[in-house]
Amino acid sequence: MADEVINPEVVESESTTLKVHGGKPTMAVKVYAPFQVYFEGDAFSVSAVNTTGPFDILPHHHQFLSMLVPCNLTILPVEGEQKIIKIHRALVHVKADRVVVFVDV
């Protein structure tokens, strides 16, 4: 009996479709707590502070996971004015132009 040939599994990579607004790249951002959504939409940047210091997240940012220290989370949305959310403690996760901030963790 011949050995069965097993085809390698094909794993598709995540979509890296670039979202652009007014010629500038954007990313999806969601900031929420268990019972409240503070912001959800597309943005040009997110700024915050972790134990290392202040940092900015821009479109095409590498995968990133960090705890935030008390700070003002600043979001520059595609539509509307800059949003500032006071953070006591939060977790930020960046993956494939998607930023998720879990507040009050």
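## Isoleucine 57 in strand E4

At 1% relative accessibility, isoleucine 57 counts as buried, a word that here means under 20% relative accessible area, with exposed meaning over 50% and partly exposed covering what lies in between (1.4 Å probe, protein chains only). This residue belongs to strand E4, which spans residues 53-57; strands (E, at least two residues) and helices (H or I, at least four) are DSSP runs numbered from the N terminus. If neighbours within four places in sequence are left aside, isoleucine 57 is in contact with Met27, Phe44, Ser45, Val46, Val92, Val94 and Val99, where contact means heavy atoms within 4.5 Å.

## Basis of the model

This is a predicted model, in which local features need pLDDT of at least 70 and side-chain atom pairs count only at pLDDT 80 or more, while totals for chains, interfaces and linings use all residues. Residues are numbered from 1 along each chain as its sequence is written, and side-chain values use heavy atoms, with hydrogens and water left out.

## The nonpolar core

The largest nonpolar core has 22 residues, and those with the most contacts inside it are Val29, Val31, Leu73, Ile75, Val99 and Val101; such a core is a set of buried Ala, Val, Leu, Ile, Met, Phe, Trp, Tyr and Cys residues joined through side-chain atoms within 4.5 Å. At least two residues of this core come from each of E2, E3, E4, strand E6 (71-77), strand E7 (83-87), strand E8 (90-95) and E9.

## Asparagine 50 and its surroundings

Asparagine 50 is placed in strand E3, residues 36-50, and is buried, with a relative accessible area of 11%. Not counting residues up to four places away in sequence, asparagine 50 touches Phe55, Phe64, Ser66, Met67, Leu68 and Val69. The C-alpha atoms of asparagine 50 and valine 69 are separated by 5.2 Å, with the two residues 19 apart along the chain.

A polar contact of 3.1 Å joins the side chains of asparagine 50 and serine 66; the term denotes a pair of N or O atoms within 3.5 Å, of which, within protein, one must be able to donate a hydrogen and the other to accept it, and residues adjacent in sequence count only if both atoms are side-chain atoms. The side chain of asparagine 50 also reaches the backbone nitrogen of threonine 52, at 3.0 Å.

## Aromatic pairs

The structure holds two aromatic pairs, meaning rings of Phe, Tyr and Trp (its six-membered ring) with centres within 6.5 Å, where planes under 30 degrees apart count as stacked, over 60 as edge-to-face and the rest as tilted. Tyrosine 32 and phenylalanine 102 form an edge-to-face pair, at 5.2 Å centre to centre and with 70° between the planes. Tyrosine 32 lies in strand E2 (residues 24-33) and phenylalanine 102 in strand E9 (residues 98-103), so the pair ties together parts that are 70 residues apart in sequence. Tyrosine 32 is partly exposed at 24% relative accessibility, as is phenylalanine 102, with a relative accessible area of 28%.

The rings of phenylalanine 55 and phenylalanine 64 have centres 5.3 Å apart and planes at 65°, so this pair is edge-to-face. Phenylalanine 55 is buried at 15% relative accessibility, whereas phenylalanine 64 is partly exposed at 23%.

## Charged side chains

The structure holds one salt bridge, defined as a side-chain nitrogen of Lys or Arg within 4 Å of a carboxyl oxygen of Asp or Glu. Lysine 19 forms this bridge with aspartate 42, the closest N and O atoms being 2.7 Å apart. The pair links distant parts of the chain, 23 residues apart, with lysine 19 in strand E1 (residues 19-21) and aspartate 42 in strand E3.
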